[in-house]
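Me: I would like to go through the terms used for this model and see what stands behind each of them.

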Amino acid sequence: MITAIVLIKTSVDRIPEIAESIAALDNVSEVYSVTGTYDLVALVRVSHHDDLADIIPGRISKVPGVLVTDTHVAFRTYSQHDLEAAFAIGLDA
C-alpha cells in the first residue's frame, strides 16, 4: 500500500465543506483541518503509484475551493500500533 500525505491550501471560508468533499473521495482515508501554512492534510492510500495521479491532481485538486496541493509520498510507515503488534507476536496474555 502506498501512502501519500497531501498538504492542501483552500478558500478559508469553506474549509469544513472542502474537507468533507475530499474525505468522501475514494482512497482518501483521512482529512485533518490543521494550523499553519496549509489548511488541510489528507492521507491518500493506493495500491499502485500511478493511482496517485488519478486521485490527487485528478480529483482532490478539482474540488471547488482547493487552491494548492503539495504531495509527499511515504517511504515507510512507523506507528505505535504496529510496534505493539510486532512485539506481541507469539505471546499469550
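Reply: Two strands pair if DSSP finds at least two bridges between them. Strands themselves (E, at least two residues) and helices (H or I, at least four residues) are DSSP runs, numbered from the N terminus. This is a predicted model, in which local features need pLDDT of at least 70, side-chain atom pairs count only at pLDDT 80 or more, and totals for chains, interfaces and linings use all residues. Residues are numbered from 1 along each chain as its sequence is written, and side-chain values use heavy atoms, with hydrogens and water left out.

Me: What makes β1 and β4 a pair, and in which sense do they run?

Reply: Seven bridges join β1 and β4 in the antiparallel sense; the definition asks for at least two, so the term applies. In one of these bridges, I5 has H72 in β4 as its partner. The C-alpha atoms of H72 and I5 lie 5.1 Å apart, although 67 residues separate H72 and I5 in sequence.

Me: Why are β2 and β4 said to stand at the edges of the sheet?

Reply: The sheet is open, with four strands in the order β2-β3-β1-β4 and antiparallel pairing. β2 (28-33) and β4 each have a single partner strand, so one side of each has no neighbour in the sheet. Direction ignored, neighbouring strands are turned by 20° against each other on average. α1 packs on this sheet and touches β1, β2, β3 and β4, its direction making about 165° with that of β2. Such angles run from 0 to 180 degrees between N-to-C directions, and the axes are lines fitted to C-alpha atoms, for helices over the stretch in contact.

Me: Why is T10 called buried?

Reply: Buried means under 20% relative accessible area, exposed over 50%, and partly exposed in between (1.4 Å probe, protein chains only). T10 has 4%, so it counts as buried. T10 is in strand β1. Apart from neighbours within four places in sequence, its contacts (heavy atoms within 4.5 Å) are I15, I18, D39, L40, G65 and L67.

Me: Why are K9 and H72 called partly exposed?

Reply: K9, in strand β1, has a relative accessible area of 29%, so it is partly exposed. H72, in strand β4 (residues 66-73), is at 38% and therefore counts as partly exposed. With neighbours within four places in sequence left aside, K9 touches T37, Y38, D39, G65, V66, L67 and V68.

Me: What makes the group around I8 and I22 a nonpolar core?

Reply: A nonpolar core is a set of buried Ala, Val, Leu, Ile, Met, Phe, Trp, Tyr and Cys residues joined through side-chain atoms within 4.5 Å. The largest such set has 18 residues, and those with the most contacts inside it are I8, I22, L40, V44, I56 and I60. Two or more residues each come from β1 (2-10), α1 (15-23), β3 (40-46) and α2 (51-55). Beyond four places in sequence, I22 is in contact with I8, V28, V31, L40, A42, I60, V63 and V66.

Me: How many helices and strands does the whole chain have, and how much of it is buried?

Reply: The chain has three helices and four strands, running β-α-β-β-α-β-α from the N terminus. Of its 93 residues, 28% count as buried.
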